[in-house]
Amino acid sequence: MSKVFELKEVADGFEIYLNGMTILKHQVDHPMIFVGYGQEKIEMYRGNFDIRDYVIERTALRYAIVEEKEDSYLIQLRKFEKCEPSLILVVKEEEQRLKVEFIKAEPTINRFWLRVEADRDEKVYGCGEQLSYFNMRGKNFPLWTSEPGVGRNKKTYVTWQADVKDRAGGDYYTTNYPQPTYVSSKKYYCHVETTAYADFDFRKQDFHELQIWDVPKFVLFEAADTFVELVEKITDLFGRQPELPEWTYNGIWLGIQGGTQMVEEKLQRALDKGVRVGGVWCQDWQGKRITSFGKRLMWNWRWNPEEYPNLDQKIKEWKKQGIRFLGYINPYLAVEGDLFKTANEKGYLALNEQGETYLVDFGEFYCGVVDFTNPEACDWYKQVIKENLIDFGLDGWMADFGEYLPTDVVLKSGESAKLMHNAWPVIWAKINYEAVKEAGKLGEVVYFMRAGYTGTQKYCTLLWAGDQSVDWSLDDGLASVIPAALSTGIIGCGLHHSDIGGYTSLHGNKRSKELFQRWAEMAAFTPVMRTHEGNRPYDCFQFDGDDETLEHLARMTEIYVTLASYTRQLVKENAERGIPVQRPLFLHYEQDQASYDIQYEYLYGPDLLVAPVYEQGKTRWEVYLPQDEWVHLWTGQVYNGGTVEVDAPIGKPAIFYRKSSSYRELFERIAKI
């Protein structure tokens with residue numbers, strides 16, 4: 001019936017093959033679907049969620065009746081041999097994909113488990129942005145957009161303190177950007193179409209179990225002959241990011257706060273030291289507030305002339321110098337601001353169960369939630385972006401948050417907040433995308449986001465890795481942004497960057513000079529370089545902390561700018577084919593089995609291999625090279641693959657290029673900078 005999949009009836013069941021491999025298997029003693037009922041308890045505290053579930057019933061749907069139709073199979077699944085079906089499946093080919101649609105025949109079902117066939121040696125990747133594990137085999141991954149939490153490792157002191165004092169310690173799976181999509185080393189992807197809470201469990205040797213707190217609309221499977229082709233197919237499904245504006249390649253975006261005079265002074269000092277600057281990013285352009293957490297912002301999205309006098313003119317002056325101005329916005333409104341008052345009067349804010357405006361605690365201040373299920377509220381917020389940001393002269397901004405939608409909020413559309421929670425970051429991305437597009441600025445303005453879900457690929461011009469700790473921890477420090485970029489890239493978000501030096505300074509962790517420099521070295525080999533002062537700027541070493549650091553940064557930005565012709569081509573390839581800029585080694589070296597477990601190195605396009613130094617005090621670094629002719633960037637020494645150790649002092653991170661690269665002359669020029 002189909003070239004993409006084949007369904008074979010077997011004793012007591014059926015098997016479904018995708019491109020010749022068994023993908024789903026069902027028999028009475030080997031059921032592939034379980035259903036049931038559960039009661040969850042979800043509590044949110046400042047974007048951190050405590051989620052607990054009590055499963056009342058879980059039952060295998062053991063008995064199947066398969067009916068072949070003209071272009072599909074209709075499968076009735078039953079709990080008992082002689083009873084009404086609990087679930088009906090429609091299995092068909094759609095746009096060269098295997099699609100399994102689900103029709104819930106038993107209305108009370110609110111728990112669903114699907115088992116996908118697995119091999120002992122199989123590896124899996126994706127599930128949104130994962131910061132602790134790139135290969136997810138051996139773990140389960142709850143998929144719920146939230147604050148990633150501080151520390152993200154329950155065994156560390158910082159995470160323990162964050163839990164005890166702030167209810168904010170993260171875990172290995174907590175992420176701003178989850179997505180119910182995984183990629184298998186068997187060269188297929190699986191996508192579950194749902195916005196409900198999910199938990200993908202990859203701990204069993206012979207099957208993956210995908211749990212969803214609802215019956216999903218459908219599940220898609222698609223295979224390819226190569227991983228490059230597979231990523232292309234994934235982005236055919238979800239959409240692709242547009243190219244970055246040309247001005248982004250002019251240099252680093254310096255994160256500076258404190259008003260017009262402070263920005264001018266810090267910018268000039270950087271320029272005098274030879275730092276190549278493409279933009280100044282001033283997140284406090286609309287004002288600030290001080291909390292116990294540190295320096296926060298005044299969430300009223302318009303220029304604050306008291307904080308930034310003459311900014312309207314300075315933006316024009318900086319632009320003539322080739323330096324763009326970037327700001328900040330999020331989808332919430334502080335109760336003190338005039339925008340909150342307007343939105344409240346017009347009925348644009350979400351309500352609580354008593355019919356009053358829902359106020360969210362963001363940490364010593366409260367905000368209203370703009371209700372994006374209300375079309376009028378969407379149009380109004382797009383107008384806020386167009387008038388207060390774009391028309392004012394901003395060429396970019398951090399489009400922050402999106403993951404804080406409370407599950408007990410009452411929405412205009414009447415939709416369940418529990419089902420809209422995961423969808424919210426994508427709606428927020430779409431608001432930004434449409435505002436920029438309607439203003440005629442798509443391809444000229446860039447906004448960067450941390451929260452995401454299915455569909456973010458099309459609407460987000462640039463990802464950033466969120467709020468890392470300003471330390472060397474694997475789960476929440478410098479190293480964590482590497483698997484973050486690889487996991488999002490493999491599912492179609494191929495433009496990624498991070499705060500140079502990290503953001504979160506709490507419970508004794510303070511950014512050091514060495515950490516900042518090592519992070520800057522890595523950032524030179526990403527699509528965008530951007531600094532952040534952090535939540536406690538005076539506890540963190542800054543880009544202008546001393547002359548040596550400024551000189552180091554000047555060199556790194558010179559490398560970044562010189563590399564622009566190469567980066568530009570990678571960004572173009574991401575926009576046209578969906579192939580990420582930062583790539584796992586196996587994307588181009590499929591036969592190299594060791595490459596499937598490498599998560600702290602990446603290919604920057606096909607020709608550069610980047611192995612950032614992510615441990616304190618190290619000046620020698622061990623690197624795994626897939627079989628090829630690799631040239632060490634700084635010495636010119638040629639290696640043929642395997643594990644090697646090279647000198648990697650500050651300023652000379654472990655970078656290699658392919659000897660046969662057509663960009664070899666460019667790389668040799670970079671080596672001399």
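User: In this predicted model, which residues line the second largest cavity?

Analyst: The second largest cavity of this predicted model has a volume of about 40 Å³. By class, its lining has two nonpolar, four polar and one charged residues. The residues that line this cavity are Gly 255, Ile 256, Gln 257, Trp 281, Gln 283, His 532 and Glu 533.

User: How many cavities of 30 Å³ or more are there?

Analyst: The largest cavity holds about 50 Å³ of space. The volume of the second largest cavity is about 40 Å³. With 30 Å³ or more as the cut-off, the number of cavities is two.

User: Which helix and which strand each supply at least two residues of the lining of the largest cavity?

Analyst: The lining of the largest cavity consists of Val 481, Ala 485, His 496, His 497, Ser 498, Met 522, Thr 526 and Gln 582. Val 481 and Ala 485 are among these residues, and helix H10 covers 481–490. His 496 and His 497 are also in the lining, and strand S29 covers 496–497. The two elements that each supply at least two lining residues are helix H10 and strand S29.

User: How many charged residues are in the lining of the largest cavity?

Analyst: Three residues of this lining are nonpolar, and five are polar. Met 522 is one of the lining residues, and methionine counts as nonpolar.

User: Why is strand S11 largely enclosed by the rest of the structure?

Analyst: Strand S11 takes in residues 124–128. A residue is buried when its relative accessible area is under 20%. Strand S11 is largely enclosed because its buried residues number five of the five.

User: Which residue of S13 is the bridge partner of Val 124?

Analyst: S11 and strand S13, which spans residues 178–184, run antiparallel. Four bridges join these two strands. In S13, the bridge partner of Val 124 is Ser 184.

User: What is the radius of gyration of the chain?

Analyst: The chain has 14 helices and 37 strands. For 673 residues the globule rule gives 26 Å, and the chain's own value is close to that, so the chain is as compact as a globular protein of that length. Its radius of gyration is 25 Å.

User: What percentage of the residues of the chain count as buried?

Analyst: The C-alpha trace spans about 80 × 65 × 50 Å along the principal axes of the chain. Of the contacts with a separation of 6 or more, 70% are between residues 24 or more positions apart. Among the 673 residues of the chain, the buried share is 65%.

Notes: Residues numbered from 1 in each chain as written. Predicted model: local features only at pLDDT ≥ 70, side-chain atom pairs only at ≥ 80, totals over all residues. Heavy atoms only, no water. 1 Å grid on protein atoms, 1.4 Å probe; cavity = no way out; pocket = protein on both sides within 12 Å on 5 of 7 lines; lining within 4 Å. Points joined across faces, edges and corners; volume = space filled by probe spheres on them. Buried < 20%, exposed > 50% of the residue type's maximum accessible area, 1.4 Å probe, protein only. Pairing = 2+ DSSP bridges. Rg over C-alpha atoms; globule rule 2.2 N^0.38 Å. Contact = heavy atoms within 4.5 Å.
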